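Welcome, and thanks for taking a look. Please bring up the model in your viewer and keep it at hand while you read this briefing.

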Amino acid sequence: MRLGVLDIGSNTVHLLIADVRPGGRPLGRTSTRTVLRLMRYLEPDGSISDEGVAALVSAVTEAVAVARTENVVELLATATSAVREAANGADVIARIEAALGQELQVLGGESEARFTFLAVRRWFGWSAGQILLFDIGGGSLEVAAGGDELPDLAASVPLGAGRMTVQFLSDDPPGEAAVEQLREHARETLRPVARDVRDAPRPDHVVGSSKAIRSLAKLAGYPVPGWSGIERMTLPRAALGSWIPRLARLPASARQELPGITADRTFQIVAGAVVLHEAMRVFDVDELEVSPWALREGVLLRYIESLSWSAPPA
């Protein structure tokens, strides 16, 4: 059957359409997204402005139209931290559901981490052993760790790249003092989570799974041979750290000329880099591997598991 996952996040409204079957790997068919950067629409009281809500509803309406054109049997619509935490979140959700014509699943931070961890586990397989996962969105950073399909520890902290850009790096380009303030804030926010992870077995693989991390890996990482010819990316902490001062000195308009930095990431890539670098430092990680699967694939996989299994024909 053909399914769609609509991920309404802090930075984009992203539709993934895939053909699925029980026991099979999702086969992606179409991926479309609208860049919103909802953090720029936040009012002083924490609500999303009328302009932001209108942009959000427009993007959702366009995604629904694409899903219909692609003959999607069922659309799995989820929203993450920006909608969840907005002061007018209930009204925004009602507007989105009206555009969808169905219920919206609003994910808590730990649920985001668990869905993403499931996708990463399936991508790397059981032989990967213990996994420590970082996933940076626009509004939050998810951390998860464990050796099974569901993590033993899942946490979400408000260190998303968009949120941190608005809060600490609003100047373009940001000054060194602002970058250092963000470093200190990220370090203090992550320390309690790191203490919890220290009690878990040491990870065999440390994985990053968001668009921001994939972009940073293309900028500062290197490819390694993968399975069945699939190219895998690895991102060393030292290389990431060396790029941060350079990224911070460039205006946003110039960053998209760099490898891996797309136009929709230019404003918040500095904050994403700083937060990821501090996470790697606090958790004592020298380098991480990049997973192409993340939240959307996790939602798909969980739904596939819920489908009834039928015996093969005789």
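How many nonpolar, polar and charged residues are in the lining of the largest pocket? The lining divides into four nonpolar, 14 polar and ten charged residues. Please bear in mind that this is a predicted model.

**The largest pocket**

- The volume of the largest pocket is about 440 Å³.
- Its lining is made of 28 residues, and those nearest the centre are D7, D135, I136, G137 and R296.
- Two or more lining residues come from each of β2 (12-19), α4 (109-124), β6, α7 (211-220) and α11 (295-306).

**The second largest pocket**

- The second largest pocket holds about 310 Å³ of space.
- Its lining has 15 residues, with R202, P203, F283, D284 and V285 closest to the centre.
- Helix α6, which covers residues 176-198, contributes the most to this lining, giving three residues.
- By class, the lining of the second largest pocket has ten nonpolar and five charged residues, and no polar ones.

**The cavity**

- Searching the whole structure turns up one cavity of 30 Å³ or more.
- The largest cavity has a volume of about 50 Å³.
- It is lined by Q130, I131, L132, A145, G146, V197, A200, P201 and P203.
- β6 and β7 are the elements that each give two or more residues to this lining.
- Seven of the lining residues of the largest cavity are nonpolar and two are polar, with no charged residue.
- P203 is worth a click in your viewer: this residue is listed in the lining of the largest cavity and is also among those closest to the centre of the second largest pocket.

**The seven-stranded sheet**

- Seven strands form an open sheet in the order β8-β7-β6-β9-β12-β11-β10, and the pairing is mixed.
- At the edges are β8 (153-157) and β10 (222-224), each of which pairs on one side only.
- From one strand to the next, the twist averages 25°.
- Helix α10 (residues 269-282) packs on this sheet, where it touches β6 (131-136), β7 (141-146), β11 (232-236) and β12. The direction of α10 makes about 160° with that of β6.
- Strands β9 (residues 205-208) and β12 (residues 287-290) pair in the parallel sense, over two bridges. In this pair, V207 of β9 stands opposite E289 in β12.

**The five-stranded sheet**

- Another open sheet has five strands in the order β3-β2-β1-β4-β5, again with mixed pairing.
- β3 and β5 (105-106) are the edge strands; each has a single partner, so one side of each is without a neighbour in the sheet.
- Strand β1 (residues 2-8) pairs with β2 in the antiparallel sense over seven bridges, and I8 stands opposite V13 in β2.
- α1 lies across β1, β2, β3 and β4 (74-79), and runs at about 15° to β2.

**Helix contacts**

- Helix α5 (residues 161-168) packs with α10 at an angle of about 105°, and their axes are 8 Å apart. That angle makes α5 roughly perpendicular to α10.
- A161, M164 and T165 of α5 make this contact with A271, G272 and V275 of α10. By class, the contact of α5 with α10 has four nonpolar and two polar residues, with no charged ones.
- α7 and helix α8 (residues 237-249) pack at an angle of about 95°, with 10 Å between their axes. This makes α7 roughly perpendicular to α8.
- On the α7 side the contact has L216, L219 and A220, which meet A239, L240, W243 and L247 in α8. The residues of the contact of α7 with α8 count as seven nonpolar, no polar and no charged.

**Backbone details**

- Which form does the peptide bond from D172 to P173 take? This bond is cis, and its omega is near -5°. P173 is in the loop between α5 and α6.
- R37 has a phi near 50°, which is a positive value in a residue other than glycine. R37 lies in the loop between β3 (27-35) and α1 (50-69).

Definitions and conventions. Residues numbered from 1 in each chain as written. Predicted model: local features only at pLDDT ≥ 70, side-chain atom pairs only at ≥ 80, totals over all residues. Heavy atoms only, no water. Pairing = 2+ DSSP bridges. Helix = DSSP H or I, 4+ residues; strand = E, 2+ residues; numbered from the N terminus. Axes fitted to C-alpha atoms, helices over the stretch in contact; angles between N-to-C directions. Contact = heavy atoms within 4.5 Å. Parallel < 35°, antiparallel > 145°, perpendicular 65-115°, else oblique. Nonpolar A, V, L, I, M, F, W, Y, C, P; charged D, E, K, R; others polar. 1 Å grid on protein atoms, 1.4 Å probe; cavity = no way out; pocket = protein on both sides within 12 Å on 5 of 7 lines; lining within 4 Å. Points joined across faces, edges and corners; volume = space filled by probe spheres on them.
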